[in-house]
Amino acid sequence: MSEDASVNTDAVIWPDQEWAQVKVQRMQAKLHCWAAGDPGRRFDDLYNLVCDPAFLVVAWQRVAGNAGARTPGIDRATVAWIESRIGAEEFLQRVRDLLRARTFRPVEVRQVMIPKSSGKLRKLGIPTVTDRVVQAALKLVLEPIFEADFSPCSYGFRPNRRAQDAIAEIHHFTTKSYHWVLEADIEACFDQIDHVALLGRVRARIGDKHVLRLVKAFLKAGVMTTIGIREGTHTGTPQGGILSPLLANIALSDLDEHFMSKWNQQMATEVHRQRRKRQGKANYRLIRYADDFVIVVTGQREHAEQLRAEVAAVLAPMGLRLSPAKTRVVHINDGFDFLGFHIRRMRRRGSNKWFVYTRPSKKAIASIKARVKTMTYRATLHHDPGYLLDYLGRVLRGWANYFRYGVSKATFSAIDSYAWERITNWLRKKHRIGWPELRRRFCLPGSWRLAVDGKQFKGAASVRVTRYRYRGYQIPTPWTPTVTTG
């Protein structure tokens, strides 16, 4: 099929995953280029792309490759069940037929309550596999369009961006004179987004009425509670859906645009920022990761306090409000927690120089210690020692890889010491042995380093600590054209 040929034909030839990925990538690059080149353009005839076999194959690949593939929706069907009973191609054919006939209707999401560290419960909505595939296909079409509009100060749930980028930007500005921080959190963001306001922002870019109807159908699909009662969804987008993070970013882009427009118009250059300082005005910068964000501020505390009301006014049309318990103004010398890191300016030991340090927060350290403790309870004594060391090693290294871009070396060693104590006590209880026997059987010769069958235990301290470079505005999207020099 030619690249410019119609994407929706009666004769369906399901492409293999590799070719489907190439085709989808090409189309996404075109959509992104068109959106970036014409900020006022509204896209029509996108529904055919949602129904296109290549987009559905890639959507299925992403749903099947996700860890949640083993979790069913209200129909109790998992990816493995569909593959064994129906077959992937037959399943995708049925989904495509429903989409093309305009008879597809999403069903309620299955509600699951997840405990939070604060002791409260978070509502998580699990769609059916069919709805997940359609959402994934819809996201493949919409994401490259809206990525052209999103501001560089936003990092959560966006391609090629990660939490470390947000931390690096905070570090970059607080190292300068941005010493006051408005640390904010939006209360129940995913549950409170106003549907009318959200769809209004989607319509600003999407003119295809069938795509808009599909987005609205997912928003209004409803929830099946844990006690089997159906509840309507009049606001919000269920947390846990594939499309929900993109819709949340579309809603919150209003906040990004408000502060980025002020930055670009009034504070973009050093001359402008110095002039505002002489006039007694503050300079400020928004850094957002999903519904968590901070605003770093130069000036005095009252300048940061004034921004609280401004943020609340921007969020109100979207039906959102700040969480009083989690929104506060702090000085960088007192430090604050963001995305698991504790960020604080301190005097370097033995000198009079001050630096901003990022390290794992107390909550993050307590969380990983709790996982180690859980895996070394007496109830786990039936596990094989080799399994325990391998599992805990992977858990600790995975945790350390997230925090490796900070002042974390001492923390990693302390976590490994705690794990060593828990594991050795576990081994002594399991085998009812003393320290000499434990060292002979479960340590490398001449040392106290844990090992099973000659394989050494490697925990958090085995991960190399390094510096994460601030990338600023130079973060490309997956569809940004690469410039080649010849």
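Visitor: Is Asp453 buried or exposed?

Guide: Asp453 is exposed, with a relative accessible area of 79%. Exposed means over 50% relative accessible area, buried under 20%, and partly exposed in between, with a 1.4 Å probe and protein chains only.

Visitor: What kind of model, and how is the numbering done?

Guide: This is a predicted model, in which local features need pLDDT of at least 70, side-chain atom pairs count only at pLDDT 80 or more, and totals for chains, interfaces and linings use all residues. Residues are numbered from 1 along each chain as its sequence is written, and side-chain values use heavy atoms, leaving out hydrogens and water.

Visitor: Back to Asp453. Where is it?

Guide: Asp453 is in the loop between strand E12 (451-452) and strand E13 (455-456). Helices (H or I, at least four residues) and strands (E, at least two) are DSSP runs, numbered from the N terminus.

Visitor: What about its phi?

Guide: Asp453 has a positive phi of about 55 degrees, although it is not a glycine.

Visitor: Where does Ala188 lie, and what is its phi?

Guide: Ala188 lies in the loop between E3 and helix H8 (189-192). Its phi is near 45 degrees, a positive value in a residue other than glycine. Ala188 is partly exposed, at 36% relative accessible area.

Visitor: Switching to strand E7. Why is it largely enclosed?

Guide: Strand E7 (residues 292-297) is largely enclosed by the rest of the structure because five of its six residues are buried.

Visitor: How many bridges join E3 to E7?

Guide: Six bridges join strand E3 (residues 180-185) to E7, and the two run antiparallel. Two strands pair if DSSP finds at least two bridges between them. Val181 stands opposite Val296 in E7.

Visitor: And E6 with E7?

Guide: Strand E6 (residues 284-289) is joined to E7 by six bridges, also antiparallel. Ile287 stands opposite Val294 in E7. In the hairpin of E6 and E7, two residues lie between the strands, and Ala290 takes a positive phi near 55 degrees.

Visitor: What order do the strands of the open sheet have?

Guide: The open sheet of four strands has the order E2-E1-E4-E5, with mixed pairing. Its edge strands are E2 (121-126) and E5 (230-231), each pairing on one side only. E4 and E5 run antiparallel, joined by two bridges, and Met224 stands opposite Arg230 in E5.

Visitor: Last topic: where is Lys220?

Guide: Lys220 is in the loop between helix H10 (209-219) and strand E4 (223-224). Lys220 is partly exposed, with a relative accessible area of 36%.
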